[in-house]
Amino acid sequence: MSDVAKSIQKWHASFKKGTDFDSWGQLVEAIDEYQILARQLQKEVQASNSHDFTEEQKSTQPQDEFKLEDLKKLEPIIRNILTYNKEFPFDVQPVPLRKILAPGEEENLEVEEEEENAAGAGSPESFPSRVPGTLLPRLPSEPGMTLLTLKIEKIGLKDAGQCIDPYMTVSVKDVNGIDLNPIQDTPVATRKEDTYIHFSVDVEIQKHLEKLPKGAAIFFEFKHYKPKKKFTSTKCFAFMEMDEIKPGPIVIELYKKPTDFKRKKLHLLTKKPLYLHLHQTLHKD
């Protein structure tokens, strides 16, 4: 990965953490992340020898008060900034925005699950790849506290080979379905093989296990792009409860959409032995 790409990844991570904290009312933490982002951007501008920015644009002093909803509009700009540059080691062109539906929203579009058959779906190479995931680094260790790394190894699906740009959204919810952590997206799966889609990616849970409330659960939503409808849809989901957290491999069942974060009305996706395969690593200082 180039130095510029690494910088952009850091900017986006700081921005996402800041707006997440802002959304949760954690204003001190949000300000810290915004200040980190401002310093990163200022350093990049000062290091640049180009005349792409005016002195007014280079200024990091706020001119007016920003609202959270205005800040969130900046995310796709920060995420895609500088990505179309022929001087890169490779040509990375801007990614067209795709509609990503909220849980259950696709149900209202009367989309049939089996519409994407082999003849109509096309190959993954026929469509632009989505942007990289939004995975976050591991938290700093604390004495007596435990951190969890979840490796998403693979998911079993009967139509695995037909899923376009598949990825996972990972979230931690309380018993009422309220977010306890920033939501993270994995990059697109690495490969497909028979009835499996392989991810082989680590997800760092963004809270020490001892700080998670009783009844919390970790959710995994499998998402893929539907070219005929031009939106990204949730195909199925799985979840892990706190008593399932232990070192080593684990397989968990897949449930039909829409995602039920309260775990009240669960319906298995299939009777076939197809699961989400994970590996858990616990880190304790």
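View 1. The model is predicted; local features need pLDDT of at least 70, side-chain atom pairs count only at pLDDT 80 or more, and totals for chains, interfaces and linings use all residues. Residues are numbered from 1 along each chain as its sequence is written, and side-chain values use heavy atoms, with hydrogens and water left out. Nine bridges join β2 to β11. The two strands run antiparallel. Lys154 stands opposite His277 in β11. Strands here are DSSP runs of E, at least two residues long, numbered from the N terminus. Two strands count as paired if DSSP finds at least two bridges between them.

**View 2. On β2, residues also pair with β6.** Strand β2 covers residues 146-156, and β6 covers residues 196-204. Seven bridges hold this antiparallel pair. Lys151 stands opposite Asp202 in β6. Ile155 has Ile197 of β6 as its bridge partner. Eight of the 11 residues of β2 are buried, so this strand is largely enclosed by the rest of the structure. Buried means under 20% relative accessible area, exposed means over 50%, and partly exposed lies in between (1.4 Å probe, protein chains only).

**View 3. Five strands form an open sheet.** The order is β5-β6-β2-β11-β9, with antiparallel pairing. Strands β5 (191-193) and β9 (248-252) stand at the edges. Each has a single partner strand, so one side of each is left without a neighbour in the sheet. Neighbouring strands are turned by 25° against each other on average, direction ignored. The axes behind this angle are lines fitted to C-alpha atoms, and angles run from 0 to 180 degrees between N-to-C directions. In a regular strand the side chains alternate between the two faces of the sheet.

View 4. Ile252 stands opposite Leu276 in β11.

**View 5. Lys235 and Asp159 form a salt bridge.** The N to O distance is 3.0 Å. Lys235 lies in strand β8 (residues 231-241), and Asp159 lies in the loop between β2 and β3. The pair therefore ties together parts that are 76 residues apart in sequence. Lys235 is buried, and so is Asp159. A salt bridge is a side-chain nitrogen of Lys or Arg within 4 Å of a carboxyl oxygen of Asp or Glu. By this rule the count comes to seven salt bridges.

**View 6. Lys173 reaches Asp179 in a salt bridge.** The closest N and O atoms are 2.6 Å apart. Lys173 is buried, with a relative accessible area of 5%. Asp179 is partly exposed, at 28% relative accessibility.

**View 7. Arg191 and Glu193 join their side chains in a salt bridge.** Their N to O distance is 3.2 Å. Arg191 counts as partly exposed, at 43% relative accessibility. Glu193 is partly exposed too, with a relative accessible area of 39%.

**View 8. Asp165 and Asp194 have positive phi values.** Most residues other than glycine have a negative phi. Phi of Asp165 is near 45°. Asp165 lies in strand β3 (residues 164-173). With 5% relative accessibility, Asp165 counts as buried. Phi of Asp194 is near 55°. Asp194 sits in the loop between β5 and β6. Asp194 is exposed, with a relative accessible area of 71%.

**View 9. A cis peptide bond runs from Lys257 to Pro258.** Most peptide bonds are trans. Here omega is near -5°. Pro258 lies in the loop between β10 (255-256) and β11 (276-284).

Definitions and conventions. Helices (H or I, at least four residues) and strands (E, at least two) are DSSP runs, numbered from the N terminus.
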